[in-house]
Amino acid sequence: MPKTANYTNNNNAFKLSVAPMMDWTDRNCRDLHRLLSRRVLLYTEMVTAQAVIHGDRARLLDFDADQHPVALQLGGSEPALLAEATRIAADWGYDEINLNVGCPSDRVQSGCFGAVLMTRPELVAECVQAMMRVSPVEVTVKCRIGVDDQVPEQVLPAFIARMRDAGVRRLSIHARKAWLQGLSPKENREIPPLDYPLVHRMKAEFPDLHLSVNGGIGSLDQVRDQLGTMDGVMVGRAAYHQPWDILGRADLLWDQEPPFATPLDAAQAMRPRIEAHLARGGRLHQIGRHMLGLFHGRPGARGWRRILSEGAARAEAPAEALAVYDAALAEVA
């Protein structure tokens with residue numbers, strides 16, 4: 001269990017991050033993403049404060065030390081519980097603790113946290129202040145531009161100002177409104193229109209804060225364009241479905257050579273990690289499902305996906321699983 005956060009806290013460090021995504025950005029996913037980029041900030045899936053306090057902490061919080069820099073995203077709306085979860089998580093050595101004020105799922109709404117908290121900025125302020133009092137690392141917020149019938153041009157600057165007054169210095173802003181009534185979580189990621197100009201105006205209005213933009217950014221060129229205005233960019237689905245296209249060259253943003261020249265080099269480097277995972281009793285599909293898009297748009301990608309997805313689900317013994325992986329590699333070699 002890592003005990004020490006080791007990420008340098010400066011504006012340049014937070015140029016690019018991979019968004020927290022439920023059922024996707026688990027420990028195995030982050031292992032792949034860290035292999036592709038040394039510099040990108042990685043986020044966990046959202047974990048509720050209640051789960052951290054009462055659940056299997058090792059399963060929820062453990063990560064390998066070489067995954068730094070990595071941030072934990074917490075969900076909740078009770079300051080005392082969030083503070084306790086933050087205190088517990090501090091022992092795991094995360095580089096940042098983030099509060100979810102953006103997720104629009106029914107499950108989140110029923111617990112009065114996530115995007116619905118955009119309607120209660122004073123409560124969010126209480127939460128982050130309680131977290132800061134016990135956190136050895138920076139506490140940040142991920143939010144939307146508004147929810148339901150709120151007017152984002154009014155709500156967002158007021159929300160950011162309240163966070164600044166509470167001591168928050170870094171926010172990630174999903175540039176879409178969330179409709180808590182009438183749209184599913186998936187639709188909330190696609191249907192509400194993106195309003196990048198509004199988020200850009202927030203950077204001009206709050207020059208003292210580090211603001212990242214999130215939502216709809218699908219290429220490294222778009223990341224570079226956004227960095228012309230914003231301090232940082234948070235990429236979600238594109239980084240997951242096309243990890244090489246986003247992360248394989250991401251270290252160039254810091255003027256550093258990427259770890260690998262091709263996605264095949266990265267896939268081959270994953271093999272010993274998969275072998276170690278299998279030796280610990282893990283299954284190939286636990287890692288393989290996060291790798292399906294590694295060769296997106298490249299020759300052999302379809303065969304890679306088919307063999308890895310179908311074979312990983314059937315493979316039982318480690319030797320059988322490695323044979324499946326090698327067969328998938330042969331499709332793209």
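Analyst: In this predicted model, the lining of the largest cavity is made up of F14, K15, L16, S17, L41, Y43, R170, S172, H210, S212, V233 and M234. The elements that each give two or more residues to this lining are β1 (16-18), β2 (41-48), β6 (170-174), β7 (210-214) and β8 (232-235).

User: How many cavities of 30 Å³ or more does a search of the whole structure find, and what is the volume of the largest cavity?

Analyst: The search, run over the whole structure, finds one cavity of 30 Å³ or more. As for the volume of the largest cavity, the computed value is about 60 Å³.

User: How do the residues of the lining of the largest cavity divide by class?

Analyst: Residues such as F14 and L16 belong to this lining, and so do K15 and R170, where Lys and Arg count as charged and Phe and Leu as nonpolar. Taken together, the lining residues divide into six nonpolar, four polar and two charged.

User: Which residues lie closest to the centre of the largest pocket?

Analyst: The largest pocket holds about 670 Å³ of space. Of the 32 residues that line this pocket, the closest to its centre are P20, M21, M22, K142 and R189.

User: Which elements supply at least two residues each to the lining of the largest pocket?

Analyst: By class, this lining has 15 nonpolar, ten polar and seven charged residues. The elements that each supply at least two residues of the lining are β4 (96-101), α5 (106-110), β5 (138-144), β8 and α11 (237-241).

User: Why is the chain said to be as compact as a globular protein of that length?

Analyst: The secondary structure of the chain comes to 16 helices and eight strands. For 333 residues the globule rule gives 20 Å, and the chain is therefore judged as compact as a globular protein of that length, since its radius of gyration is close to that value, at 20 Å.

User: What share of the contacts in the chain with a separation of 6 or more comes from residues 24 or more positions apart?

Analyst: The C-alpha trace spans about 55 × 40 × 40 Å along its principal axes, and buried residues make up 56% of the 333 residues. Among contacts with a separation of 6 or more, the share that comes from residues 24 or more positions apart is 72%.

User: How far apart are the end C-alpha atoms of helix α7?

Analyst: Helix α7 runs over residues 152-166, and at 1.5 Å a residue its 15 residues should span 21 Å.

User: Against which elements do the buried residues of α7 pack?

Analyst: The buried residues of α7 are P152, V155, L156, P157, F159, I160, A161, M163 and A166, while just after the helix G167 takes a positive phi of about 110°. The elements against which these buried residues pack are β4, α6 (121-134), β5, β6 and α9 (196-205).

User: Is R162 buried, partly exposed or exposed, and which residues is R162 in contact with beyond its neighbours within four places in sequence?

Analyst: R162 is found in helix α7, and its relative accessible area of 21% makes it partly exposed, because buried means under 20%. Its C-alpha atom lies 8.9 Å from that of V124, a residue 38 places away in sequence. Leaving aside neighbours within four places, R162 is in contact with P121, E122 and A125.

User: Which residues is E45 in contact with, leaving aside its neighbours within four places in sequence?

Analyst: E45 is found in strand β2 and counts as partly exposed at 21% relative accessibility. The C-alpha atoms of E45 and L198, which are 153 residues apart along the chain, are separated by 27 Å. With its neighbours within four places left aside, E45 is in contact with M21, M22, D23, W24, T25, D26 and Q73.

User: What is the phi of D23, and is D23 buried or exposed?

Analyst: D23 is found in the loop between β1 and α1 (27-36), and its phi is near 70°, a positive value in a residue other than glycine. With a relative accessible area of 53%, D23 is exposed.

Note on methods. Residues are numbered from 1 along each chain as its sequence is written. This is a predicted model: local features need pLDDT of at least 70, side-chain atom pairs count only at pLDDT 80 or more; totals for chains, interfaces and linings use all residues. Side-chain values use heavy atoms; hydrogens and water are left out. On a 1 Å grid over the protein atoms alone, a cavity is a set of points where a 1.4 Å probe fits but cannot get out, and a pocket is an open set with protein on both sides within 12 Å along at least five of seven lines; lining residues have an atom within 4 Å of a point. Grid points are joined across faces, edges and corners, and a volume is the space filled by probe spheres set on the points. Helices (H or I, at least four residues) and strands (E, at least two) are DSSP runs, numbered from the N terminus. The expected span of a helix is 1.5 Å times one less than its number of residues. Buried means under 20% relative accessible area, exposed over 50%, partly exposed in between (1.4 Å probe, protein chains only). Contact means heavy atoms within 4.5 Å. The radius of gyration is taken over C-alpha atoms; the globule rule is 2.2 Å times the number of residues to the power 0.38.
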